Amino acid sequence: MTTAIYPGSFDPITLGHLNIIKRAVQVFDRVVVCVMVNSGKYTPLFTIQERVELIRRVVERFPNVAVDCSHDLLAEYAKKYEKPVVVKGLRAITDFESEFQMALINKKLNEELETLFMAASEKYTYLSSTIVKELGKYGADLSEFIPREILDEVQTRTRQRS
Ligand code: ADP
């Protein structure tokens, strides 16, 4: 069984993330979406547990997608699975440098761990959780960016942050 781990902050999950998940399920037997705790990057909009629950609601219809979270390094977390592959979405050349560095570090820490990059759909190359949070603060309609199952919650929470 081939397992893909799709790690990220997912604060919150966007249609860009969902697009990568849907495409990864076509390639792998199972996809594990893992909310990673990113120490001190910013004050999150949703707690780790909330993010896990939001993602669960969005991927409920996919039987081969699981949702998890981890406080560990990805290289350590990946040891839970047999020969997993890390899947990352690349939106633009600007994503490349940090993602490439992460892939090399993960390989250094865990020799068995391969990273595969999936090109973002051109429809979503502009989309990030950060931009969604920014737009939401001003009350913008987020329905083109956020999965419908969680739209109300994201809309409400981002507005509270303004
Ligand atoms: P963000 O940059 O939106 O805060 P995350 O840290 O949650 O994203 O990203 C997790 C993974 O999803 C990363 O590999 C990132 O490059 C990818 N990703 C984020 N947004 C998109 C998108 N719109 N299309 C494709 N991949 C994306």
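1. Let's start at Ala78, which counts as buried at 2% relative accessibility (buried is under 20% relative accessible area, exposed is over 50%, and partly exposed lies in between, using a 1.4 Å probe and protein chains only). Before going on, a word on the source: this is a predicted model, where local features need pLDDT of at least 70, side-chain atom pairs count only at pLDDT 80 or more, and totals for chains, interfaces and linings use all residues. Residues are numbered from 1 along each chain as its sequence is written, and side-chain values use heavy atoms, with hydrogens and water left out.

2. Where does Ala78 sit? You'll find Ala78 in the loop between α3 (74-77) and β4; helices (H or I, at least four residues) and strands (E, at least two) are DSSP runs, numbered from the N terminus. Setting aside neighbours within four places in sequence, Ala78 is in contact (heavy atoms within 4.5 Å) with Ile5, Pro84, Asn110 and Leu113. Ser98 is 20 residues from Ala78 along the chain, and their C-alpha atoms are separated by 19 Å.

3. Now for β4 itself. Because 6 of the 6 residues of β4 are buried, the strand is largely enclosed by the rest of the structure. Val85, Val87 and Gly89 point one way from β4, while Val86, Lys88 and Leu90 point the other way.

4. Which strands does β4 pair with? Two strands pair if DSSP finds at least two bridges between them. β1 and β4 pair in the parallel sense over 2 bridges, and Val86 in β4 is the bridge partner of Ile5. β4 also runs parallel to β5 (residues 114-119), with 6 bridges joining them; here Val85 stands opposite Glu114.

5. A cavity is a set of points, on a 1 Å grid over the protein atoms alone, where a 1.4 Å probe fits but cannot get out, and lining residues have an atom within 4 Å of a point. The count comes to 1 cavity of 30 Å³ or more, and the largest cavity has a volume of about 30 Å³ (the space filled by probe spheres set on the points, with grid points joined across faces, edges and corners).

6. What lines the largest cavity? Its lining is Leu74, Val86, Lys88, Glu99, Met102, Ala103, Asn106 and Thr115. β4 (85-90) and α4 (93-109) are the elements that give two or more residues to this lining, and α4 gives the most, with 4 residues.

7. Salt bridges next: a side-chain nitrogen of Lys or Arg within 4 Å of a carboxyl oxygen of Asp or Glu. The whole structure has 11 of them. Asp11 forms one with Arg51, the closest N and O atoms being 3.6 Å apart, and this pair links the loop between β1 (3-8) and α1 (15-27) to helix α2 (residues 48-59), 40 residues apart. Asp11 also meets Lys133 in a salt bridge (3.1 Å, N to O); Lys133 is in helix α5 (residues 129-137), 122 residues from Asp11.

Methods
On a 1 Å grid over the protein atoms alone, a cavity is a set of points where a 1.4 Å probe fits but cannot get out, and a pocket is an open set with protein on both sides within 12 Å along at least five of seven lines; lining residues have an atom within 4 Å of a point.
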